[in-house]
Amino acid sequence: MTTKKTSEKVPTAHEVDLSGENVHWDLREAMSYGDYLGLKELLACQRPLTGNHDETLFVIIHQASELWLKLCLHEIAGAIRQIKKDELGPAFKMMARVGRIQANLIQSWEILSTMTPFDYSSFRAALGKSSGFQSFQYRMLEFRMGNKNAQMARVFESDPDVAALVREALVSPSIYDESLALLARRGLPVPKDKLERDFSQSYVSDPRVTEAWRLVYRDVEKHWDLYELAEKLVDLEYRFHLWRFSHMKTVERIIGSKPGTGGTSGVAYLQKALSLRFYPELWDVRTEI
């Protein structure tokens, strides 16, 4: 028995059949993927200062995190606008998206933790006084979420443009402030002094606000969207603290108890930050339910 021979080429396992595809091969007169995303400029931003192999990892992790923080700020700003208009559906979508981004940011510490103490020490001196403590986007996100601390803004005073952005986030109502304002508009007993306070100051827990949230949780059917808003806020804070915890453990794994390059005590400082609460009444109300 003979096998019939054919001249037709049989694609191998490493080839994709492009027959019938109308691929745009010539992009000399069109905008390409790289053009749209500005990839040449973006990929030219990684400029390690030493010849250490792991410095590229360090730079990319932090640059990628800053891009995700930019998106978080975009979504949080959008959610705040929607809450002010009492349009919670779109706000929930934006808050849920921030939650997904936060999960990605948490995962980034897993990648960075593959760097050993020896690897980091080989180029750490090149960082000088630069530190994640100086991330203005991180600080703006913290302020937008509700953790206000005016002293933290001092580190940005050397750059007036950045300082103005941070200051705006500091003095503006946070997503929690706008949520409390919404509760008040819905007729829930939020104290007036919580609605007209100096928003640049740290928020202080108030049992009267806890009671307002308790009314929401006690009648979920009546206040379903406010109940969902409360849980979305808790989810944001929960993931933020997971990010902080992962950050602290990664730093501890790589540099131990050394001071941070930005002048903080390092791990000890990060541990203190874990005790902060953004939405205290939403945690207190769980005891009341």
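View 1. A pocket here is an open set of points on a 1 Å grid over the protein atoms alone, where a 1.4 Å probe fits, with protein on both sides within 12 Å along at least five of seven lines; lining residues have an atom within 4 Å of a point. Grid points are joined across faces, edges and corners, and the volume is the space filled by probe spheres set on the points. This is a predicted model, in which local features need pLDDT of at least 70 and side-chain atom pairs count only at pLDDT 80 or more, while totals for chains, interfaces and linings use all residues. Residues are numbered from 1 along each chain as its sequence is written, and side-chain values use heavy atoms, without hydrogens and water.

**View 2. Helices H3 (55-84), H4 (88-112), H6 (136-145), H11 (224-255) and H12 (267-273) each give two or more residues to the lining of the largest pocket.** H3 contributes the most, 8 residues. Helices are DSSP runs (H or I, at least four residues), numbered from the N terminus. By class, the lining has 21 nonpolar, 16 polar and 6 charged residues (nonpolar: Ala, Val, Leu, Ile, Met, Phe, Trp, Tyr, Cys and Pro; charged: Asp, Glu, Lys and Arg; polar: the others, Gly among them).

**View 3. The second largest pocket has a volume of about 270 Å³.** Among its 16 lining residues, Asn147, Lys148, Asn149, Ser202 and Leu276 lie nearest the centre. H6 and H12 each supply at least two lining residues, and H12 has the largest share, with 3. The lining of this pocket divides into 6 nonpolar, 4 polar and 6 charged residues.
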